[in-house]
Amino acid sequence: MATWDLLSTATVAGSSTQTISFTSINQNYKDLCIMALVKDNLTASHGQSGMTIAPKTAAGGAMTLGMGYMSMGWNQTTPTSYQYGSGQTQISTYIANNASSYNGVSPQYMYFYDYSSTTVAKNMYLFNGIIGENAQNANNTFQMWRSLINDSSNNPVGRIDITSQSGYFLAGCVASLYGIEG
């Protein structure tokens, strides 16, 4: 069984954090994992907001993603899927927001294979969704993403930005970064 080492934990305090960033990521592991629980301060009646996840080089440069997702919505019996074209640099997904009478939250599980390699493309899986006592988020109850992270120089992933697209993360949101030995 692989060893998981906690490298960093980010806990949101206050009301003006739009991006949770893991920078200067330790390159001494084979894989990375981020586990998070997030929600933003917007109050749109449908109960969901946008969020992006962007793997970057250590210098903050964008990395090219080839990706697609499957989504299982509330009261659906089969998932929907979508494959993106080339030129993507971030995953755009959905999280719960602070709409009145909606207490949903959004668990996030991100796993980066071979993130420190300089010879192979990196794969990332994201499993996320919105859970709570309300079914307002009818479109994106659960999603699974698969992304191929690559750039022309095969740079390792050295930074990961998780951003609320239009609002701010609520105080108490937390994300933890783990290094996984091969």
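Two strands pair if DSSP finds at least two bridges between them. Strands themselves are DSSP runs (E, at least two residues), numbered from the N terminus. On that basis, eight strands form an open antiparallel sheet in the order β1-β12-β3-β8-β9-β10-β5-β6. This is a predicted model: local features need pLDDT of at least 70, side-chain atom pairs count only at pLDDT 80 or more, and totals for chains, interfaces and linings use all residues. Residues are numbered from 1 along each chain as its sequence is written, and side-chain values use heavy atoms, with hydrogens and water left out.

**Sheet**
- The edge strands are β1 and β6 (80–83), each pairing on one side only.
- From one strand to the next, the twist averages 15° (axes are lines fitted to C-alpha atoms; angles run from 0 to 180 degrees between N-to-C directions).
- Strands β5 (residues 64–72) and β10 (residues 142–150) run antiparallel and are joined by nine bridges.
- Methionine 70 stands opposite methionine 144 in β10.

**Aromatic pairs**
- The structure holds 11 aromatic pairs. Rings of Phe, Tyr and Trp (its six-membered ring) pair if their centres lie within 6.5 Å; planes under 30 degrees apart count as stacked, over 60 as edge-to-face and the rest as tilted.
- Tryptophan 4 and tyrosine 111 have ring centres 6.2 Å apart and planes at 55°, so the pair is tilted.
- This pair links distant parts of the chain, 107 residues apart: tryptophan 4 is in strand β1 (residues 4–11) and tyrosine 111 in strand β8 (residues 106–113).
- Tryptophan 4 is partly exposed at 34% relative accessible area, whereas tyrosine 111 is buried at 10%. Buried means under 20%, exposed over 50%, partly exposed in between (1.4 Å probe, protein chains only).
- Tyrosine 113 and tyrosine 125 have ring centres 6.0 Å apart and planes at 85°, so they are edge-to-face.
- Tyrosine 113 lies in β8 and tyrosine 125 in β9 (residues 122–129), so the pair ties together parts 12 residues apart in sequence.
- Tyrosine 113 is partly exposed at 34%, and tyrosine 125 is partly exposed at 24%.
- One aromatic cluster is formed by Trp4, Tyr109, Tyr111, Tyr113, Tyr125, Phe127 and Tyr178.

**Nonpolar core**
- A nonpolar core is a set of buried Ala, Val, Leu, Ile, Met, Phe, Trp, Tyr and Cys residues joined through side-chain atoms within 4.5 Å.
- The largest core has 32 residues; Ile20, Phe22, Ile34, Phe112, Ile160, Ile162 and Phe169 touch the most other members.
- Strand β3 (residues 31–38) gives the most to this core, with four residues.
- Leaving aside residues up to four places away in sequence, isoleucine 20 touches Ala10, Val12, Val38, Ile160, Asp161, Ile162, Phe169 and Ala175 (contact: heavy atoms within 4.5 Å).
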